[in-house]
Each structure stands twice: as C-alpha cells, then as structure tokens.
Amino acid sequence: MTTEPIEPIDEDDDGLPIYLAPLDPGDVPAFCERLITHFDTVDEEGEFTFEGVDVDVAHGIWLLGLAAYDHEENLAMDPADVDRELPTHGVGGYAQVVTDWTRAARASLHAAWGEPQTRQPRLVGDEQEPEGILDYLMLSVGIAEAELWDRGTGFLALLTDWTGEVGTSELRQIAMIVPRELVLGGMAAAMSQADMADAHLMSGENIVELHRRAWLMSRLFGAGEERVRDAALDATRLSLQSRSGVTTVWNFTDDGRALVLLYDPECAFVTDAPAQFIADHTVNDTESGEPSEGDVAEAHAILVARILATVPEELRALITAPTVTAKGEVGTQPLEFVILGDQPVPLISAAVWYDGEHWNVPASLFEIGGQNGLAFDDFGLADALRRPYRLGGEFTANLFAGDDAEQNAHLEELFAMCPYPQQPRPEGDAVLGNAIPRGSSFAELAEQIERASAAWWESSPSTAAWNDHTFSIGGRELRHDERAISTVLGLANSWTVDAFATWTNSFIDFLTERWGTAVNFTVADQNTDEVRRTPLSRTMRSLGIHQGPLWWVNGHAVIVLGGIPDADSAMDPDPLAAVVIARADAVLDMMRGTRWWSLRKRARTLSELSRLTDSTLAPASTLSWAGPALPGSDVVPHAVRGAFRTNDRSWFYAFTHDARGLFLSYPLDAASLSPTIETQRDLFAGVPDDLLSLIVDRDSGGLYPLVSGVPVGDGVLRSAVSLPAVDTVVWRDDVDWRLSEGMLRRAQPAQMGSGAEASHDSGFETYLSPATGIPQLQWALGVGYDDRDPEGYADARFASFALPRPIEPATAQLAMDALGTCHLNALTGTLNHLLDVIADTPGDRHLVEAALSNPDPTNRREIALWLMRDPMPSITHQLSFLTPVNVLLENPTLGASDAVVLARMLDLGASPFPGLVGNVDPFAQLDRRAAGGTDVAKLRAVLLEAREIGTTSR
C-alpha cells in the first residue's frame, strides 16, 4: 500500500500525532542504498538532512526516524483536525496508518535484501552492561529487537516496536547505519584514540622520571636494564617481580614511547573477570557448574588479547621480542605466555602505553572495567605500578635507607649513577593522578550531589535504569542502602596525603561557600561519648572516618568525609574522601541508644500507671498480626498494644515478638485533626505490611481514633477501609527506629534543584519539632537515660506531663510490680508478659527451663521457642539432675503440640540421651506419660530421629 507523506510534528505544525518519512514505504530499500553510498563516501557530523529525512550522527552511527505514532498526541487532538479517511482495521485510526506503513517498509526491505539477522540487546559482565554500541542504542530507545542487513562496510539496522500496549502507546521505526566494526565488536570499538588518552594515569610524572624509577627498581630488585633485539623499534626493557607474583614490565623505545605490562594475580580482573566472561558466553549454563581451570585460563587469555588489540602494533611487537643484558647474555622474561590460536599471549592484568605525548589506556580495558564494575586498581595498577614506583611522590635513596651506613652509601652511589636524571616534581593536585574525580569541577560535583539528593525522593540507585547516572558523583556510582547512599570520591596514598588533604579541604570550603556553614557530625555523641546507632554512623564507621561536615541538601543530610580510615574499619589504610547522603531519620537515633526492650518496659509501665490513675482509659491488650513465625515452627505470637499520654498528645504503641513495633500519636484535642483515609494512606506509606496488619482495618480498642473510607486498589493500604486518625508514625525495623514515608515527606522541600534552587532546610526541624510530639515521647520514655525508679515516676513534673493525676512512689511501684519478673513470667505467664520485662533477663538459657515448666501449653510453646530463636550452645548444659529434654517431658500438661519445642531443642544441640547426673531416660518418661493417656507419638518420633542421628555421630 502507499500512504501520503506527512511531515514531522513540531511546534509550528498542525498537531497530527504521526510522522512518516517523505517516501513510499516500497522505496525504503532504494533510499537506504543511496544513504549507505553517502555513508561510504561522505564524512558527516552532527545532524544533516538527506532527501528530506533528518539524520543524526552519534559514535559514527547514522540514525534516522522513518515513522512514529504518539498516542498521547492522538488523544489530545481535535477530531476536526483529522486530515484523511482513517483505517478501521487493526487498531484503527492514525495508529493503524503508521502500523501499515512500517509493515510495508519492513516487507520491502525483506523482499529486496532477503531475510535479516535479528539481534536482541545483550547485557554482559557483573554489572550487566550493554555488550556493544548497538546494544546500548537499542536499550536507550527501548526497542527489544533489531533487524540487521549486512551491506558491506556497514550494517543497516531496522528497529520497529511499540513502547507499551499495541495501539495505546508509541510506535517507532528507526533506521541506523552502523559501521561494521561496531556491530561485530564490543563497546571498545566505539572508542576513539582520544577516548583512550589519560593525562593523569602516571600522576604527572615525566616519562624520563618514570624511566629513572624503573631503572632503579630493576637494578635494586630485578635483572636491570636489557636491550630489546629483533624488533622494529629500538628499545630497552626493565622489569620488577615481587615474591607474590606481582609483575611490572617497562618497554621504553629510543624514540620516546613506552609500553607497560602489569600483572597482579590477586586483582579482581584476574580472579573474577574470566569466570564472568565464561558465564556471559555460555548458553544454557544452568547445569554447567564451575568452569574448569583450563577454561578460566583460556578466558583470561582472550580478555588479555582484547586489551592488547588496541595497543599500536609496533609497540605490541616488543612484548615477545627477546632481550640481551649489558653483559651480552640472553635476557629474562618474567611474564608467562599461553598460545591463543597461533599467537603467544602474555598473562597480564593490564597494559598501558605512551605515544610520545600522552599515556593511553586500551579501549577494551575500559570496556571490561565498565561491564564488571572494575576500577583501574582492579586491574593491578595500584600494586604493580603506583605503589612500587611511588607515583606522585618523591623517589630518592632515603626511601630505601636503613641503619647500615655502608648499604646507604651504596644506595646513594646507585642513585647517582642512574643514566636518567631526576625530573622536576609535578605541581598541585597533579600528583594525585586519578585519585580524585578528574571529569568534574567542584561546582559540577556539588550539582551532582544536589541532583542525587533531589532524585532520591522518587527513585534510588537500585531502581535507576542501567544508563541513568543520576546517582553518580564524579563518575563514581552511589552505593545503595535503604537509608544512606554513599560513594568514595577519591583514594590517595600515604606519600600524597598532603595534596589529597588540600584537595578535600578545598572541596569542603567550596561546599561551605555554596551551602552555608556545616554542622560537624561525629560518630560518637560529643556529650555522652556514646556511639550513635544510626545508618549514617554505621556507614561512617564502615569507611573508617568518624567525623565530617554535614549539610542539609534538598531534604537529605549530606556529609563529606576525608582522612585516613581507622584500623578497625575494613578499608585499606589509604587516605580517602567520600560523600554520604542520608535520610532525615537516619542521622540521629531518636531513641538515643536506649535498648528496644527497655523502651518496651518503660512504655508498658507508663500504660499501667495511666490505668491505675484513670480507670476510664482503655487497657492494654494483645492482638494477632501477620508477622513472622518463631524459628522452627509456624507459631506467630500475638503482639501487645496499649496507650499513654504526654502533655498535649496521646500515644499508641504496639510491640511484637521480633523486637519491632509502632508508636502512633495524635493531639489530645483529636478534633484538631481532619484526616481522610487518603491522607492516612500517604502517612503510613513505607511501613512494612506485617506491621500495618496491627492497625489496618482493626478495632482500635479505644486506644486511638479511626478514619474510614473505601478501597481504591490492591495492597494493604490501598485496600484499607479504616486507618488510625493520627499525625505521627514511628516504627522500628530490626535495627533502627524510623519514620513512615509520609513523615519523611514532610522534610521534602516544596522546591528542589541545584545551585540557587537547592533547599538547605534542616531535616531535624521537620521530625524533631514539637508539632510531631517526638520530643515529648523522648522525655516521657527517658531515652538516653537509665530506667526511672518509683520516685522518678512520682516526680510532680513528670506526673503532670505524662499521667492523668499525681501519684505516690508506692503507686508507681505497684505498676512496676504488676509487670512481674523474668523468671516468674517465664514460668507462669505469657510470652508478652516475659517480653515486658526481658530487659532485666540474666540470659535466655536461665529462663528456658522455667519456660519448659510453664503449665499452659500455648504459653510454654511460645516462650520456649522465642528463647531458643538463636543458636544456644548452652542448651547442652545440664543445670539440675534433669536435662532440658527431661524438664519438658516432666511437664504435667505435656502434649503433641510440644513436639515443635522438643525438635527445636534437639536442633540446637540438646541431648536426647539420659543426662550425666540423674540418668533419667527420655523414652522412659514418654512411656510413663503414654501409660497415663498422653498422646506422645509425635514426641517419640522426634526423639527417635534425634537418637539415631546422635548415635551415629557418637
């Protein structure tokens, strides 16, 4: 079929929702042939127009749009603007016009050139990056398959696809002329010579200075300088090899060029990249297992061959050329070689070369690094190059001097006789090489931090698209933690620490000028010297830097760390600079280090005191919830809930057996709140579903007001018909107290951006303000301090703040006593009774046998399983004439439900055999219980299985 050509849409156009190239779809092959001829004969750059079609040039690839349909434009257009009789078949309308055109264009190409190859985007490497530039472009435009025709010097690639549902999204047909080497090669094929140049690789060291250092190190620890023979280039070779196998080979040509080969057997390229290469190129590898040593060695050789492929051939020829020593003897070759095909390949981890003006890094090294998340040091540049030759630092005889005067004199003589003179030192931050972000100025780094901080409200490093570098600072990707994201901006060496400190301090000074005065944030509270237990402080401790300036940027805390990591961190003892961005509630611990169990005990005490002083208040109660089961069982203990007040607010709490829970608050004048269920859905966002089950569509028991509505979709919150009518939500994960997403959103500035548009409002003022009630909660619970005694609860100031009426210390003591004690609650109470006072436990093992003696089967099961939730080596200890198993089997209310408790004990190492003292046989106990009518079949089976395993192990 043929279609009237319609020009592209632009702001002066008539608003039609389609674009069709100005040619008949049957003429597409002839048009493409003419374009390919133009491609072969004319070097176009940027954008140009060919026969009325706009063409873009990028990375040597020519891209042109042949057809497009925009559904949103179609929906927005006035029906009166329709310029033709539209099709009714297929999806109909303008969508079908473009569909018919693209089908006809594809059909004409198939008919003229035959069936094409098809290609889907390939992701390779540990980072799952595009394998080649064509894969990159396909992923960039979101098209899942390309049709490829080989046209000699290049390929024609045709990409046709909908962005979503057929007929209701966008349809695009894009043609690309791709140079042959870019289709058949990887990402390295798209790199130019300029892309490979690295002005900072050698930390500003002159080529003569590098030759000097190589000569000295080779004379001191190697074979000395050797002359290359039988090669096109006149050159010398110098090598260095450590006991660990780290090897450096320098080849200096007489015309001022150089080739350096590096090998570090422990670097990530050697240890990880070959196996990843095998995984990338193995089809149906679900059962292939670990690759063999031979396969790994071959993969290593293939990767090395790719790295060396872009090294100039005449320099590459130096690798295998023989050498002769100054004495005329055959020279040494410290590298190992393997044969790949019919060519020898050195087993190295990196190669770099100097072309007389610039140092260059092979394109394939960049490609392998990008695909596998490897930095230069992961190819051995640190241990094989920068450290032994102290790049950026002084290199004198004093570095090697010791206590032996004669040896020191020899060193001085050796340094003096070096034929390559010492060169002037590099200036400024040139000595830092690539230790700092070279592609970004301070202003650009600040903008990238501002951009990431603003974007983190809606996305994160873990959800960003593969080609989205929003969460990248200075080319370093931010590592994702749910509440703190960070990256190391720079890593220096001890001999460049002064220059690195100058750079870091200059960056901090720049940020201070841009963002204002910072707060000095420390890992340890400067008032109490207690280590802060927050995501930010944990990130700082992992980096080994314990203080730094902190600013608020677009609603998040930003801290810059600089210095030498402390010995307790996992970092190397090299100077580093890092940036950490943290959520508002990840900076300070709102409970100031108070243990979870102490907080529970204090809240429960307040609840009991409130009831003692005002009997009209709703009592604490337990409720079921959708939480995790106790280990080794399907038992989910009930949670406990209650309430108390502080000054002008009421607080609801819910505590669970896994040390999590909620604090909700609302003004005592509840009428001042006017929430809807939709505002509450937003407020409770971010709280885990299992904790939400404590309050969603639940009877409040008079502990808090409710707001009702209708479901609006799936999910716990969207399907809710009732939620608490509160304005403060605090919850605890398994480590930290946190704010709900809705609470955090209050710290989100109305306007965010970079530069003058960036917000610097403090997040502390948002969630620690009196309006949230959190400061009242902190004071009522005494966070950061020891437990209150009866006199503390009876204090007039505290009572007027947190209790319905004043009390006497004796009344406070009654409330505290009402909670019971650990041993008593384990023996006669429920799990929640025990957890109310577990902060005072002498240790879980001391309570196990009390729990096993609890007369209530449900309580016994829950308490015992909870106490045995973690490995308990002491369960093997016999504390009386009965073993733990004996104690359980002696319980008068023993039943089949205790089998899970018995199994858990035995799994943890309790003995199924008679004890050393008492010699009570568990099977005899079961026989006696069975004779009394107890069903012991499950218990017997568990015990028998354990005995069989135990006998074998004995």
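Author: Buried means under 20% relative accessible area, exposed means over 50%, and partly exposed lies in between, with a 1.4 Å probe and protein chains only. This is a predicted model, in which local features need pLDDT of at least 70 and side-chain atom pairs count only at pLDDT 80 or more, while totals for chains, interfaces and linings use all residues. Residues are numbered from 1 along each chain as its sequence is written, and side-chain values use heavy atoms, with hydrogens and water left out.

Reader: Is E51 buried, exposed or partly exposed, and where is E51 found?

Author: With a relative accessible area of 43%, E51 is partly exposed. E51 is in the loop between β2 (47-50) and β3 (53-58). Strands (E, at least two residues) and helices (H or I, at least four) are DSSP runs, numbered from the N terminus. E51 is not a glycine, yet its phi is positive, about 50°.

Reader: What is the relative accessibility of A659?

Author: It is 15%, so A659 counts as buried. A659 has a positive phi of about 65° and is not a glycine. The loop that holds A659 runs between β30 (649-655) and β31 (661-667).

Reader: How many helices and strands does the protein chain have?

Author: The protein chain has 34 helices and 35 strands. Of its 954 residues, 50% are buried.

Reader: How do I read the buried residues of a helix, taking α33 as the case?

Author: An α-helix has 3.6 residues a turn, so residues three or four places apart point the same way. In α33 (residues 922-931), the buried residues are P922, F923, Q925, L926 and R929. Seen down the helix axis, these fall within an arc of 155°, so they line one face of α33. The arc is taken from the directions that run from the helix axis to the C-beta atoms.

Reader: Which residue caps the N-terminal end of α33?

Author: D921 does, with a side-chain oxygen 3.1 Å from the backbone nitrogen of F923. A polar contact is a pair of N or O atoms within 3.5 Å; within protein, one must be able to donate a hydrogen and the other to accept it, and residues adjacent in sequence count only if both atoms are side-chain atoms. After α33 comes G933, with a positive phi near 100°.

Reader: Which residues have the most contacts inside the largest nonpolar core?

Author: In soluble globular proteins, nonpolar side chains tend to be buried together. A nonpolar core is a set of buried Ala, Val, Leu, Ile, Met, Phe, Trp, Tyr and Cys residues joined through side-chain atoms within 4.5 Å. The largest one has 128 residues, and F663 and I695 have the most contacts inside it. Helix α18 (residues 596-613) gives the most to this core, with 6 residues. A second, separate core has 69 residues, among them I207 and L411.
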